[in-house]
Amino acid sequence: MKVSVLKRAFIPLTAAAVATALAGCGSQISNQASAGSSASGGSSCVDTSGSNVKVGFINSLSGTMAISESTVFDSLSLAAEEINAAGGVLGKQLQVISEDGASEPTKFAERAGKLIQQDCTAAVFGGWTSSSRKAMLPVFEANDALLFYPVQYEGLEASKNIFYTGATTNQQIIPALDYLAEQGTKSIFLVGSDYVFPRTANKIIQAYATAHGMKVLGEEYAPLGSTEFSTIVNKVRDSKADAVFNTLNGDSNVAFFRQYKSVGLTAESMPVVSVSIAEEEVPGVGLENVEGQLTAWDYYQTLDTPANKKFVAAFKAKFGADRVTSDPMEAAYTSLYLWKAMVEKAGSFEVDKVQAAAGGVTFDAPEGKVTVDAENNHITKTPRIGKITSNGLIETVWSSPAAVEPDPFLTSYDWAKDLAK
């Protein structure tokens, strides 16, 4: 018999709150819920009285980000299927409720509220752009719910209501810059989509460059989803920079690399390091346009580990032999298993108990063993620089010798001391 539970009144996210969320990328987010919220008051509507427990998946299945985010939905679905086949979580089967964020931050906030308040999910998994995460953050804090965010991002954030299973800055961007410096790069050109992640990432890159004697010869942005890059690629070519650091997202990469090649730029003449192009995006961009170019991630399909071989085989068996895996997909897959381990360590689906149990939880992920940091809700990661090869996959050309502890506020770097203010 289903036990009735009390639902809290939905706390709407106002337009002002969304604007604040999208703008506030440079300061640390408090571990407390927003002022005036009822994060600690009222009861969760999560129902664990039956044989199932609901979890939410929120991904862009339409719009400019669908090229990337639909693949994350697939890997989350695989993890849920595997967990259910192995007995579920605390003996309960996962019932997935899926929502389409439609590549719009306000839609992500709205749909997240539905998953929490109407669908009564025990945790939500997804999001891609930092704008989507920033829009959802106050919703999760105000309702004291849990979001597992699976994508690399610009750092300078921590919330007790978000677990970050993608790389933070010191696990992706800084290793990429270190690699370029080791290769003799003296100058770079910055190209990005015009939203939170690229602009904040480029502030960090500018600070790094100043501290390491590297010149930034240009910094250009295009609207998310833009397909016109002729002016930008001509500026890049004319700059004669040693390399390009690319923080474009979604479909924009297709147009950028096609136009990059059309003006005679190649991986040999001016290499591009991308932080948002993975195996899944390569066919869409066109292998002929990106072969030989560099990427910075913590996972590639080609990793030769037992856990990764198992993951890749299971993914291909479910979705087709021609499908590939990528870093965000793997981080999303890992996030569901980390939540499972937290819940089982806590012996409860209750948010406060899961949060208390999270620190030190580990998982033998396809990328390697990862561990949750209780101080900031991020996880250890192993930075890897890859090169796109002729078969469309990415081979590791450099790897950190060990997993790197997360440092989202870059407190261990003297040159970054003013960035989090």
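**Close-up views of a predicted model**

View 1. Just after H8, Gly264 adopts a positive phi of about 90°. The structure is a predicted model, in which local features need pLDDT of at least 70 and side-chain atom pairs count only at pLDDT 80 or more, while totals for chains, interfaces and linings use all residues. Residues are numbered from 1 along each chain as its sequence is written, and side-chain values use heavy atoms, with hydrogens and water left out. Helices (H or I, at least four residues) and strands (E, at least two) are DSSP runs numbered from the N terminus. Helix H8 spans residues 252-262 and is largely enclosed by the rest of the structure, because eight of its eleven residues are buried (under 20% relative accessible area, with a 1.4 Å probe and protein chains only; exposed is over 50%, and partly exposed lies in between). The buried residues of H8 are Ser252, Asn253, Val254, Ala255, Phe256, Phe257, Gln259 and Tyr260. Their cover includes strands E6, E8 and E9 as well as helix H7 (230-239), helix H9 (282-285) and helix H10 (287-290).

**View 2. The open sheet of seven strands.** The strand order is E7-E6-E8-E9-E10-E13-E14, with mixed pairing; two strands pair if DSSP finds at least two bridges between them. Strand E7 (215-222) and strand E14 (394-399) are the edge strands, each pairing on one side only. From one strand to the next, the twist averages 25°.

**View 3. Pairing of E10 with E13, and helix H5 on the sheet.** Strand E10 (residues 294-297) and strand E13 (residues 384-388) are antiparallel and share four bridges. Within this pair, Leu294 has Lys387 of E13 as its bridge partner. Helix H5 (residues 173-182) packs on the sheet and touches strand E6 (187-193), strand E8 (243-247), strand E9 (272-274), E10, E13 and E14; contact means heavy atoms within 4.5 Å. The direction of H5 makes about 170° with that of E8, where axes are lines fitted to C-alpha atoms, for helices over the stretch in contact, and angles run from 0 to 180 degrees between N-to-C directions.

View 4. E6 and E7 pair in the parallel sense over seven bridges, and Ser187 stands opposite Lys215 in E7.
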